[in-house]
Amino acid sequence: MFDPKDIRNSKDPDLAGSYAAIHRAAKSAEDLAIRTNTAIIVAVDGKPVRITAAELIKMRELKSTVPPEDA
């Protein structure tokens with residue numbers, strides 16, 4: 001059975017830091033898609049999903065209007 005663990009809690013600092021690096025890379029890909037008016041393909045539940053630049057912009061607008069969760 002697969003036992004998922006949060007990579008951010010790894011004792012290996014490179015592995016723990018890779019989580020942030022993956023998020024930076026994803027944002028960079030989104031930024032490029034928006035600048036070039038192209039789509040990106042992401043996996044959702046293991047299936048490929050196409051997200052257009054317009055959808056990315058809308059998602060960012062919605063995200064910016066939602067208040068952050070209480071810590």
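**Exercise 1. Determine how helix H1 and helix H2 are arranged in this predicted model.**

Solution. Begin with the two elements: helix H1 covers residues 13–36, and helix H2 covers residues 53–65. Their axes lie 8 Å apart, and the helices pack at an angle of about 120 degrees. Next, classify that angle: angles of 65 to 115 degrees count as roughly perpendicular and those over 145 as roughly antiparallel. The angle therefore makes H1 oblique to H2. Finally, consider the hand of the crossing of H1 and H2, which is left-handed.

**Exercise 2. Identify the residues through which H1 and H2 meet, and sort them by class.**

Solution. On the side of H1, the residues are Lys27, Glu30, Asp31, Ala33 and Ile34. On the side of H2, they are Ala53, Leu56, Ile57 and Arg60. Sorting by class gives five nonpolar and four charged residues in this contact, with no polar ones.

**Exercise 3. Describe the largest pocket by its volume, its lining and the elements that supply the lining.**

Solution. The volume of the largest pocket is about 180 Å³. Its lining consists of Lys27, Glu30, Leu56, Met59, Arg60 and Lys63. H1 and H2 are the elements that each give two or more residues to this lining. H2 supplies the largest share, four residues. By class, the lining has four charged residues, two nonpolar residues and no polar ones.

Terms used
Residues numbered from 1 in each chain as written. Predicted model: local features only at pLDDT ≥ 70, side-chain atom pairs only at ≥ 80, totals over all residues. Heavy atoms only, no water. Axes fitted to C-alpha atoms, helices over the stretch in contact; angles between N-to-C directions. Parallel < 35°, antiparallel > 145°, perpendicular 65-115°, else oblique. Left-handed = near helix turned anticlockwise from the far one by under 90°. Contact = heavy atoms within 4.5 Å. Nonpolar A, V, L, I, M, F, W, Y, C, P; charged D, E, K, R; others polar. 1 Å grid on protein atoms, 1.4 Å probe; cavity = no way out; pocket = protein on both sides within 12 Å on 5 of 7 lines; lining within 4 Å. Points joined across faces, edges and corners; volume = space filled by probe spheres on them.
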